[in-house]
Amino acid sequence: MSVNTLEQPQTAEPKPATIDKLTIFAWSGELDKIWPTLILATAGAAMGKETTVFFTFWGLFPLVKNEVRITGENWMQKMLSMMNRGGDEHLKLSKMNFAGAGPAMMEHLAKEHHVASPHELMDMAKEMGVHLIPCQMTMDLMGLKREDLIDGLEEPAGATKALADAQGGMTLFI
Amino acid sequence: MSVTIAMSLNLKALSCPMPVIKTAKAMKGLLPGQLLEVFATDPGSVPDFKAWAQATGNRLVESSEAGGVFRFILKKKEF
């Protein structure tokens with residue numbers, strides 16, 4: 001009696017090198033969180049890493065076009081966009097926000113120190129081929145439509161696609 | 001034989017991560033073995049360029065400082 005084995009014969013060929021990947025889960029929408037997210041994403045791309053940023057929950061709001069004011073279908077979603085304005089020119093600080101004075105000072109300091117703004121970094125990320133993927137489920141939850149969001153993003157996707165992209169690479173949750 | 005620098009970048013005053021990003025973009029236009037010279041003033045660019053070279057396989061031939069200006073010479077990796 002012979003037994004079939006599923007085991008593959010050993011070959012001398014080396015395993016293919018794992019792809020150097022960086023996946024960032026951008027969960028936060030504040031200026032001081034989205035900024036390092038974009039700094040790390042562009043730096044990762046500059047290092048030749050296949051870089052993906054998956055924007056979910058509060059992280060979606062920086063992707064809203066600056067000129068879009070109220071988003072959503074029902075009063076709850078509309079209220080959410082009232083209270084939490086989207087767009088990369090309207091981001092708040094997670095501490096010392098002082099009704100917008102904090103971000104204004106931070107942006108002033110950044111200009112003085114020649115630090116690229118989140119807007120410039122977002123453009124740079126697109127140019128460098130960083131995959132910018134909005135989360136479909138949270139878009140639906142928050143009432144954000146594809147046309148509310150900036151251009152240059154990839155098709156909205158789900159958690160499985162995000163995890164599949166992240167597989168075997170470096171992951172950050174910001 | 002003198003060493004020829006194929007391209008020179010002035011990245012003075014720029015802060016992290018821009019010096020490395022602009023360098024990475026410029027490097028794409030070079031041929032393997034060619035040299036890229038970079039001037040920067042961000043002190044963080046010293047460890048950043050060292051790490052970037054290690055990660056990408058490009059060689060950091062020179063890393064020096066004079067009067068607060070850092071000079072890096074990078075050699076594009078051969079295939």
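**Entry 1: B:Arg59 and the sheet of chain B**

I looked up B:Arg59 and found it opposite B:Lys75 in strand 4 of chain B. The model is predicted: local features need pLDDT of at least 70, side-chain atom pairs count only at pLDDT 80 or more, and totals for chains, interfaces and linings use all residues. Residues are numbered from 1 along each chain as its sequence is written, and chains are lettered from A and ligands numbered from 1 in the order in which they are written.

I took helices (H or I, at least four residues) and strands (E, at least two) as DSSP runs, numbered from the N terminus. I counted two strands as paired if DSSP finds at least two bridges between them.

Strand 3 and strand 4 (residues 69-75) of chain B pair in the antiparallel sense over seven bridges. For contact I used C-beta atoms, placed from the backbone, that lie within 7 Å. Axes are lines fitted to C-alpha atoms, for helices over the stretch in contact, and angles run from 0 to 180 degrees between N-to-C directions.

I counted six helices and four strands in chain A. Along the sequence the pattern is β-α-β-α-α-α-β-α-α-β.

The four strands of chain A form an open sheet with the order 3-2-1-4 and parallel pairing. Strand 3 (131-134) and strand 4 (170-173) of chain A stand at the edges with a single partner strand each, so one side of each has no neighbour in the sheet. Neighbouring strands of this sheet are turned by 15° against each other on average, direction ignored.

Strand 1 (residues 21-26) and strand 2 (residues 50-55) of chain A pair in the parallel sense over six bridges. A:Ile24 stands opposite A:Val53 in strand 2 of chain A. Helix 1 (residues 31-46) of chain A packs on this sheet, touching strand 1, strand 2 and strand 4 of chain A, and its direction makes about 165° with that of strand 1 of chain A.

**Entry 2: helix 1 of chain A**

I checked burial next. A residue is buried if 20 or more other C-beta atoms, placed from the backbone, lie within 10 Å of its own, exposed if 12 or fewer, and partly exposed in between. Of the 174 residues of chain A, 33% count as buried.

In helix 1 of chain A, twelve of the 16 residues are buried, so this helix is largely enclosed by the rest of the structure. Among them are A:Leu31, A:Trp35 and A:Ala46. The buried residues pack against strand 1, strand 2, helix 3 (101-112) and helix 4 (118-127) of chain A, together with helix 1 and helix 2 of chain B. After the helix comes A:Gly48, whose phi is positive, near 85°.

**Entry 3: A:Glu107**

I found A:Glu107 in helix 3 of chain A. A:Glu107 is partly exposed, with 16 other C-beta atoms within 10 Å. From A:Asn66 it is 41 residues apart in sequence and 16 Å apart in space, C-alpha to C-alpha.

Terms used. Two residues are in contact if their C-beta atoms, placed from the backbone, lie within 7 Å.
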